[in-house]
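Dear colleague,

Here is the structure I promised to pass on. Please look it over before you read my notes below.

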Amino acid sequence: MTNLDRRAVLGATAGAALGALPFRSARAQANTIKIGVMNDQSGPYRDIGGPNGVIMAQIAAQEFGNGRGFNIEIVGADHQNRPDVGVNIARQWYDQGVDMILDVPTSSVGLAVNSVAREKNKVYINVGAATADLTGPQCSPNTAHWVYDTYMLAKSTGGAMVRAGGDSWFFITADYAFGHALERDTSTFVRANGGRVAGSVRYPFPATSDFSAFLVQAQASRAKVIAFANAGADTINCIKQAAEFGITRRGTKLAALLMFIADVHALGLESAQGLVMTESFYWDMDDRTRAFSRRVQPRLNNRAMPNMVTAGNYSATLHYLKAVAAMGVAASKTSGIEVMNRMKSLPVEDEAFGRGTLRQDGRMMVPSYLWEVKAPSESRGPWDYLKLLQTTSAEDAWRPLAEGGCPFIRT
């Protein structure tokens with residue numbers, strides 16, 4: 001009842017655009033829900049979602065599909081972190097019968113796909129892009145935003161580091177929508193907690209791998225905290241190069257404002273120990289997350305543990321399919337806004353995140369967690385990397401609805 005179109009995934013990964021979806025009879029198409037997972041399959045964010053993000057959506061579809069009376073098809077594509085590529089894929093997918101687009105890391109791409117979904121009145125669930133503008137000035141009745149955003153990251157990680165004495169900051173920022181939003185939101189919390197911003201520098205994304213000049217500039221500012229407003233391979237390179245420069249030995253703290261367990265795995269505990277990070281999901285958080293993660297891990301590339309993005313793809317796919325089942329396939333294909341309204345009326349509940357709610361502006365409301373990376377001596381084995389420092393409730397983790405400026409919400 002569920003199939004992952006491997007030709008579509010591989011074809012999209014190799015090139016900029018997805019080829020035509022497989023031909024099906026009109027009757028089969030009418031009874032088939034198509035989900036397109038669009039993400040970075042080959043660039044700096046590949047290990048955050050990438051192929052494993054597609055697999056997690058497939059797992060959710062397979063688990064949900066049995067006995068539901070309709071087919072579920074998962075396709076994937078590589079947007080190459082380029083808004084023009086993302087828009088072209090989104091238009092082609094929606095025009096060829098894809099009912100929901102999922103994931104879409106890289107905020108500039110996510111914002112562009114957000115506009116296409118509204119134009120086509122289709123469903124778009126963003127998981128991988130961080131910009132809080134998706135539930136703020138750019139929010140849409142067709143879009144939901146799962147698991148994390150720049151406001152939540154800034155409040156949790158930024159706020160905690162200022163309270164711990166890091167009251168002067170210098171930002172090394174990816175020069176596109178995500179980096180700008182993360183620097184903006186973190187700066188707000190730094191100043192609100194009595195800190196100051198000593199300076200910032202923006203680097204070309206995704207064309208930068210040598211951060212030495214930016215690290216020298218950050219050191220020269222004498223800021224107590226050097227903050228990396230980036231993610232994935234960029235964050236890993238920044239931390240490695242900061243270690244080579246001996247920056248932390250001089251007492252300067254590093255703030256990885258968006259970091260994933262896959263990044264810790266790539267760095268190793270010797271290099272990553274002591275870093276703090278915020279995630280809304282950790283595989284070893286409790287019995288529920290451990291059971292879920294151990295069940296899906298054998299199917300993931302490199303036997304990786306799920307992170308909040310890949311787990312978010314699972315959660316979002318399940319919740320979307322629950323709304324489709326409640327409405328009926330035919331009705332769900334008529335209006336993306338009506339599907340989103342049904343999703344907002346249903347409680348969110350799954351093995352990855354437990355219980356949550358989908359707010360009027362599309363924000364999925366779950367707690368956030370502040371973690372510290374363990375020292376090698378503290379780890380009990382593979383993937384045992386984090387210890388919990390702080391829990392922020394769902395009500396407090398996210399920007400209040402009235403402060404977001406969502407144009408279709410009256411508060």
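Asn307 caps the N-terminal end of helix α13: one of its side-chain oxygens sits 2.8 Å from the backbone nitrogen of Val309. Please keep in mind that this is a predicted model.

Helix α13 itself runs over residues 308-327. From first C-alpha to last, α13 reaches 28 Å, close to the 28 Å expected for its 20 residues at 1.5 Å a residue. Of those 20 residues, 16 are buried, so α13 is largely enclosed by the rest of the structure. Gly328 follows α13. The phi of Gly328 is positive, near 100°.

**A buried lysine**

Lys34 is in strand β2, residues 32-39. Is Lys34 buried or exposed? Its relative accessibility is 4%. The cut-off for buried is under 20%, so Lys34 counts as buried. Ile72 lies 38 residues from Lys34 along the chain, yet 5.9 Å separates their C-alpha atoms.

**The whole chain**

The protein chain has 16 helices and 16 strands. Its radius of gyration is 20 Å. A compact globule of 411 residues would have a value near 22 Å, so the two agree. Along the principal axes, the C-alpha atoms fill a box of roughly 65 × 45 × 40 Å.

Of the 411 residues, 60% count as buried. Among contacts with a separation of 6 or more, 72% join residues 24 or more positions apart.

Best regards

Key. Residues numbered from 1 in each chain as written. Predicted model: local features only at pLDDT ≥ 70, side-chain atom pairs only at ≥ 80, totals over all residues. Heavy atoms only, no water. Helix = DSSP H or I, 4+ residues; strand = E, 2+ residues; numbered from the N terminus. Expected span 1.5 Å × (residues − 1). Buried < 20%, exposed > 50% of the residue type's maximum accessible area, 1.4 Å probe, protein only. Polar contact = N/O pair within 3.5 Å; in protein donor to acceptor, adjacent residues only side chain to side chain. Rg over C-alpha atoms; globule rule 2.2 N^0.38 Å. Contact = heavy atoms within 4.5 Å.
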